[in-house]
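This report goes through selected parts of a protein model, from its sheets to its ligand sites. Please keep the structure open while reading.

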Amino acid sequence: MKSRWYKDSFFYQIYPRSFCDSNGDGIGDLQGIISKLDYLKELGITAVWLSPCYKSPNDDNGYDISDYRDIMDEFGTMEDFEQLIKGLHDRGIKLIMDLVVNHTSDEHKWFKESRKSKDNPYRDYYYWRKGKGKNGKKPPNNWMSNFLGPAWKYEEQTDEWYMHLFSYKQPDLNWNNPAVRQEVADICNFWFEKGVDGFRCDVITYISKKDGLPDGKIKLPLIGFEQYCLTDNYHKFIKELADRAWNRFDTTIVGEAMGITSQNAAEYIDEKAGELDCVFSFEHTNCDRYLQIIPHNVNLRKLKKIFARWQALPKTCTPTLFFENHDQPRCIPRFVGYDCKGYFDEAAKMLAVALYMQRGVPFVYQGQEIGMTNLPVKEAGYLKNCDDRERAFMKAEDVYEDVLSVNVLKSFKKYAPFTLPIVRKALSKVARDHARTPMQWSGDANAGFCVEGAKPWMTVNPDYVYKNVNLQSRDPGSILNFYKRLIKYRLGNELVIDGEFNEFYKDSKKLYVYERRKGKDALAVVCNFTGKEADFRLPEEWKGRNAHAEICNYDEVLPLGNRKLRPFEAVVYKI
Ligand code: GLC
Ligand code: CA
């Protein structure tokens, strides 16, 4: 029986490469994480999602796995991993790992075998097909890779193409093959037996491809999406894996779920079905983009509407609450603007209140708790409020490392160089790199991420000098200490965990106002999303109630009532 411990948890996502480097090679590692366990405990989180730490050639920073039962050389050894899990459990913190099984690395032994010959026993672990057109020199269908270009790569040796929905170094596994499904279940059980408490399942909605691999509709941004996302055998595969592995232990299974939205979620995450416990959906993180990639300003009304739909799901469907992860730009510039009109800390805290007082499983991404922000690349036009270090930084040409950003720049340079200024401008807002800069531990060299003299694998955000854990832990008013209070406040709080969600002033483009209610008791959540004062009128339902402020992002707490809210003010009142 599952205890469903995720319902009263606070998750912290670690992207190991950028968290803490213990041996001076400039790459974060497991001993680095171990050295920060007390930090995590003090922050108050109760579970960790660890991005992949398995053996990998790192074409996509570990999301291309060459051995599912071993640890990446740069990160350490299996002994380090065992020490990590023990260290977490000793502190009452659960651990979920990343399960990346839509594809493997092309350096995985299955693929190395598979590509050798058409009759190799591993051939059918992947999708190999004859090409189209004269001489088979055209891909088998028109699907596009999620990382640009065709989703197929030709191999001379056997004169066939293999499918890769991501980079060509990430060939897709053929889940129709029962042997593949058994391998995946065995991998899960291997880690459960080591004490791992669950998985975050990478692009899990892509595992079943439509029979016959038909061409996709010509539709941007991804041709083929409807032919491989949540199709044919998706439920069958998930149910089987849940039976064979996930539901045999007291686990939490979170799916990364392109294609799942507030409209269809109940079909995929209802507890009664025993499939995924919850999902990361991208409805709200796509609401500042055209075609999922071209940035535009967030429309608060739209954002609130998406949240409201998730909140309205039946009790047996649990949403997740997140703004950031290793694939998303930082939340402050995107949801409230880069400079926050001089109210940066208030804005960071307000976003946390707006999100984490909702119903769902909260996830905070490393660095979010100190208000880490996007790289100040020049195309972002952040010039106004920056210091000399940042200005120097902004002169640099493309700082991007991510395989997706690099592919984008390469392709546009080659095929449409005249669009480069626009492409660079878009990347400056949406690149995944923004989330991958090293964690800012201190004002020392390399932000304390690695020792002085070492070269961090990815550029450090120059704002670390005044934005780091060291400084913030000593300042009671810091973003970090606010997160600590908020996390503590949420855990075990019945109203926040499963109170009813009722929203007010849905049409406001400035305010986000809702309550969490259980009978007579309620929490009133009031957030000003603008950097200016904003008028607030007390909703009828709250009139005449005693109100006590429990959380506020200003030192001076003002009462609940008709008044002007201060810039980015956020208050939680118990009423
Ligand atoms: C997921 C991961 C992302 C990775 C992709 C391919 O979206 O979060 O980082 O590039 O899957 O594995
Ligand atoms: Ca290291």
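How many bridges join E7 to strand E8, and do they run parallel or antiparallel? Four bridges join E7 to E8 (residues 160-163), and the two strands run antiparallel. The model discussed here is a predicted one.

**The three-stranded sheet**

Strands E7 and E8 belong to an open sheet of three strands, in the order E6-E8-E7 and with antiparallel pairing. The edges are taken by strand E6 (128-129) and strand E7 (152-155); each has a single partner strand, so one side of each is left without a neighbour in the sheet. One residue pair can be named: Trp 152 has Met 163 in E8 as its bridge partner.

**The eight-stranded sheet**

A second open sheet has eight strands, ordered E11-E10-E9-E5-E2-E1-E15-E14, and its pairing is parallel. Here strand E11 (278-280) and strand E14 (320-321) are the edge strands, and because each has a single partner strand, one side of each lacks a neighbour in the sheet.

Strand E2 (residues 47-50) is joined to strand E5 (residues 94-99) by four bridges, and the two run parallel. In this pairing, Ala 47 has Lys 94 of E5 as its bridge partner. Strand E5 is in turn joined to E9 by four bridges, again with parallel strands, and Asp 98 stands opposite Arg 200 in E9. Four bridges also join E9 to strand E10 (residues 252-256), and these strands run parallel. Phe 199 stands opposite Ile 253 in E10.

Which residues of strand E9 lie on its two sides, and are they buried or exposed? In a regular strand, side chains alternate between the two faces of the sheet. Strand E9 (residues 198-201) has Gly 198 and Arg 200 on one side and Phe 199 and Cys 201 on the other. All four of these residues are buried, and both faces of the strand are covered.

Strand E1 (residues 11-14) contains Gln 13. Gln 13 has a relative accessible area of 2%, and it therefore counts as buried. Between Gln 13 and Met 97 there are 9.9 Å from C-alpha to C-alpha, although the two are 84 residues apart in sequence.

**Ligand 1**

Which residues come nearest to ligand 1? Of the 15 residues around this ligand, Asp 60, Asp 202, Glu 256, His 326 and Asp 327 come nearest. By class, the shell holds five nonpolar, three polar and seven charged residues.

Asp 21 has 6% relative accessibility and so counts as buried, the cut-off being under 20%. Asp 29, at 2% relative accessibility, is buried as well.

**Two further positions**

Gln 368 is located in the loop between strand E15 (361-365) and helix H12 (388-395). Is this residue buried or exposed? With 3% relative accessibility, Gln 368 counts as buried. Its side chain makes a polar contact of 3.0 Å with the side chain of Tyr 356.

Phe 344 belongs to helix H11 (residues 344-356). The relative accessible area of Phe 344 is 17%, so this residue is buried. Along the chain, Phe 344 and Glu 533 are 189 residues apart, and their C-alpha atoms are separated by 15 Å.

Definitions and conventions:
Residues are numbered from 1 along each chain as its sequence is written. Chains are lettered from A and ligands numbered from 1 in the order in which they are written. This is a predicted model: local features need pLDDT of at least 70, side-chain atom pairs count only at pLDDT 80 or more; totals for chains, interfaces and linings use all residues. Side-chain values use heavy atoms; hydrogens and water are left out. Buried means under 20% relative accessible area, exposed over 50%, partly exposed in between (1.4 Å probe, protein chains only). A residue is near a molecule or strand if one of its heavy atoms lies within 4 Å of it. Ala, Val, Leu, Ile, Met, Phe, Trp, Tyr, Cys and Pro count as nonpolar, Asp, Glu, Lys and Arg as charged, and the others, Gly among them, as polar. Two strands pair if DSSP finds at least two bridges between them. A polar contact is a pair of N or O atoms within 3.5 Å; within protein, one must be able to donate a hydrogen and the other to accept it, and residues adjacent in sequence count only if both atoms are side-chain atoms.
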